[in-house]
Amino acid sequence: MADLAPTPNRRDWFAILLLLALLAVVPPIAEAVGQPFAIKVASRVVVFAIAAVGLNLVLGFGGMVSLLHAGLFGVGGYVIGILAWHDFNGEALQLGPFAYAGTGNLLISLPLAVLVSAAAAVLMGMVSLRTNGAYFIMITLAFNQMLYYLGVALQKYGGEDGLQILGDLSIAGLDPSKRLVYFYVSLAALAVVMVLVQRLVGSRFGMVLRASAQNERRVKALGIPPTRYRLTAFALSGGIAGLAGALMASGQQFISPADMSWVRSGDLVVMCVLGGLTTVWGPVLGAALFLLLELGLSSLTNAWQLPFGLIVIGMAVWLHDGLIGAIRRWVQS
Amino acid sequence: MSLPLFLEQTLNGVQLGVMLFLMSAGLTLVFGIMNLINLAHGALYMLGAFIAATVAEKSDSFLLGALVAVLATAAIGALLEVALLRRFYHRSHLDQVLVTFGLILVFNQVTQLIWGAVPMRFNLPDSVAGSIELFPGLNYPVFRLVILGVGLVVGLLLYVMIMRTRIGMWVRAGASNRAMASAIGVNVEMVFIGVFAAGAALAGLAGLMAGPILAVQVGMGEPVLILALVVTVIGGIGSINGALVAAIMIGLIDTFGRVLLSPALGSMVIFLAMAVILAWKPKGLFPVHG
């Protein structure tokens, strides 16, 4: 990593509050100008922002280029989908000697989704983190494909076609298929995640994580085992990605292996880089820019991946510090 | 599993392994020597298939199609190296992932603009279209035998070239110590372009041979790319021996996994095998660096 992520300061808290406030006023404005479609777009931005903030904990602060996060995102989504499937079909979910009737109550299934995806992150992190650099990237990419094929192999839950959630979902008595409920629940989740990650990277834990990204040998010389910190960060980051996937599955009432394809993992990395890796809030900006760019370009041309790919290449060639860095340099000059 | 079926699947597995070796040879050399992760390697595989199919259709000659495709992918590879990717040898892996990810998007979209979204037909010449009886009860497609033969010959040539010739020595020297190789007078820049072009041509060759068996379509390179990455990682990044062993191993595991389990579960087995091998040997079976 070229530049070490700095310790978060007061300005970062201000940026986080500003972004949350800006997102919060989207629905009333969208309703006022008669563009309810904008709420849907904003919900998508919020959900992917959660995943990107989670990824950036390991990518930006931990220096680990993970291409596994779409897979973990999907794991979260499948937990919601599978629990709702069992609830709807009245068939208990058998896990060895245990049976669970399933549920459509998100207050139960969202935390479970976070736990399961964090557990998956720990399992795969234990293998991936034995290596570093290029090996780490390729192994996380391979694990992402493993999760993808696991989704395809779940014939009972729709296999390759994906899993439609037919039963009713609820969160504290509210219906998440309602546009506004879904948006504000997701926004609340984003707020919690950003505050948590911001507190974390400023803590002693975060300092060790950031230091291991910059100079692992020195951290070891201080008697601190970096792998343990990395694995913890990886688990947390995976849990956050799972939360995002779970929210997306509850919002669109659908999850499929396509949501776990490794290209999605690449998209998440692009979001983080686009917004800048050195802050907690940068990826939120990156997610918004990415999805709006995708929407804008695809409304102009069917071949939108061409300009988009060129933008990504240009970014890799010229912008080391993302959009935020470019703006900062422009302001300073 | 009956004996003919077992033999057939073994042949299929080795044939897939040989193709994976052609793919991962370029990947592992480019990484070993230039320290570059090239996710766009699968795009060259795709281009090889499309170019060969088009030229073969227009000229009515499969061999001409194959020749043009190999030369064209080599040229595209060299061009990529000179115009873009050589700036990334000293950049972070993250930048390399980004630029090659962007390249995948561009290549896929351009291919779709030129050839359309519908899978393209790639007909075989009559001479290799049929099948022959290898053993009583085992009819095997001739073209698959051709793939097996070509793959083995090319693999062997590559091996001999890298292990037994002066050019190969430069390549290996570059892989184990770039600065030292440069200091003792190896023209590292030319070696880099050559390795990149050769890797691209091998990917193109693998693609054009897979074309008539699988569908020639946009995005066909990515599944193979990921298998080739798995091969590279298991074999030890930068190791040609490792790539050969791992490629045959993955080819067999994948083929038998799909037959014995379901296709999707069979695909998972490869990644589990990778996890087990890396938990045991984190640097792969034949580590090159340290």
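The model is predicted. Chain A comes to 14 helices and 4 strands, and chain B to 12 helices and 2 strands. Between the chains, 36 residues of chain B are in contact with 37 residues of chain A. The largest nonpolar core has 211 residues.

**Chain A**

- The secondary structure of chain A consists of 14 helices and 4 strands. Its radius of gyration is 20 Å, close to the 20 Å that the globule rule gives for 333 residues, so chain A is as compact as a globular protein of that length.
- The C-alpha trace of chain A spans about 60 × 55 × 40 Å along its principal axes.
- Buried residues make up 52% of the 333 residues of chain A.
- Among contacts in chain A with a separation of 6 or more, 77% are between residues 24 or more positions apart.

**Chain B**

- The secondary structure of chain B consists of 12 helices and 2 strands. Its radius of gyration is 19 Å, close to the 19 Å that the globule rule gives for 290 residues, so chain B is as compact as a globular protein of that length.
- Read from the N terminus, the order of elements in chain B is α-α-α-α-α-β-β-α-α-α-α-α-α-α.
- Taken along the principal axes, the C-alpha atoms of chain B fill a box of roughly 60 × 45 × 35 Å.
- Of the 290 residues in chain B, 52% are buried.
- Contacts between residues 24 or more positions apart account for 75% of those in chain B with a separation of 6 or more.

**Contact between the chains**

- The contact involves 36 residues of chain B and 37 residues of chain A. On the side of chain B that touches chain A, the elements giving two or more residues are helix H4 (93–115), helix H10 (221–235) and helix H12 (263–280).
- H4(B) gives the most to that side, with 15 residues.
- By class, the side of chain B that touches chain A has 26 nonpolar, 8 polar and 2 charged residues.
- Val106(B) lies in helix H4 of chain B. It touches Leu306(A), Gly309(A) and Leu310(A), leaving aside residues up to four places away in sequence.
- Val106(B) is partly exposed, because 19 other C-beta atoms lie within 10 Å and a buried residue needs 20 or more.
- Val106(B) and Ala43(B) are 63 residues apart along the chain, and their C-alpha atoms are separated by 9.5 Å.
- Val270(A) sits in helix H11 (residues 262–275) of chain A. Leaving aside residues up to four places away in sequence, Val270(A) touches Phe290(A), Val312(A) and Leu98(B).
- Val270(A) is buried, because 25 other C-beta atoms lie within 10 Å.
- From Val270(A) to Arg329(A) is 59 residues in sequence and 20 Å in space, C-alpha to C-alpha.

**Nonpolar core**

- Within the largest nonpolar core, of 211 residues, those with the most contacts are Ala49(A), Ile50(A), Ala142(A), Ala244(A) and Val230(B).
- Ile50(A) touches Ala189(A), Leu190(A), Val193(A), Ile240(A), Leu243(A), Ala244(A) and Leu247(A), again not counting residues up to four places away in sequence.

**Helix H7 of chain B**

- In helix H7 (residues 166–176) of chain B, the buried residues are Trp170(B), Val171(B), Gly174(B) and Ala175(B). They lie on the same side of H7(B), because they cover an arc of only 135° around the axis.
- These buried residues pack against four helices of chain B: helix H1 (3–34), helix H6 (142–164), helix H8 (178–183) and helix H9 (188–210).

**Hairpin of chain B**

- Strand S1 (residues 131–135) of chain B is hardly covered, with 0 buried residues among its 5.
- S1(B) runs antiparallel to strand S2 (residues 138–141) of chain B, and 4 bridges join the two.
- One pairing is Ile132(B), whose bridge partner in S2(B) is Tyr140(B).
- S1(B) and S2(B) form a hairpin with 2 residues between them. In the turn, Gly137(B) has a positive phi of about 90°.

Terms used
Residues numbered from 1 in each chain as written. Chains lettered and ligands numbered in written order. Predicted model: local features only at pLDDT ≥ 70, side-chain atom pairs only at ≥ 80, totals over all residues. Buried ≥ 20, exposed ≤ 12 C-beta atoms within 10 Å, placed from the backbone. Arc of directions from axis to C-beta. Contact = placed C-beta atoms within 7 Å. Rg over C-alpha atoms; globule rule 2.2 N^0.38 Å. Nonpolar A, V, L, I, M, F, W, Y, C, P; charged D, E, K, R; others polar. Core = buried A, V, L, I, M, F, W, Y, C linked by C-beta atoms within 7 Å. Pairing = 2+ DSSP bridges.
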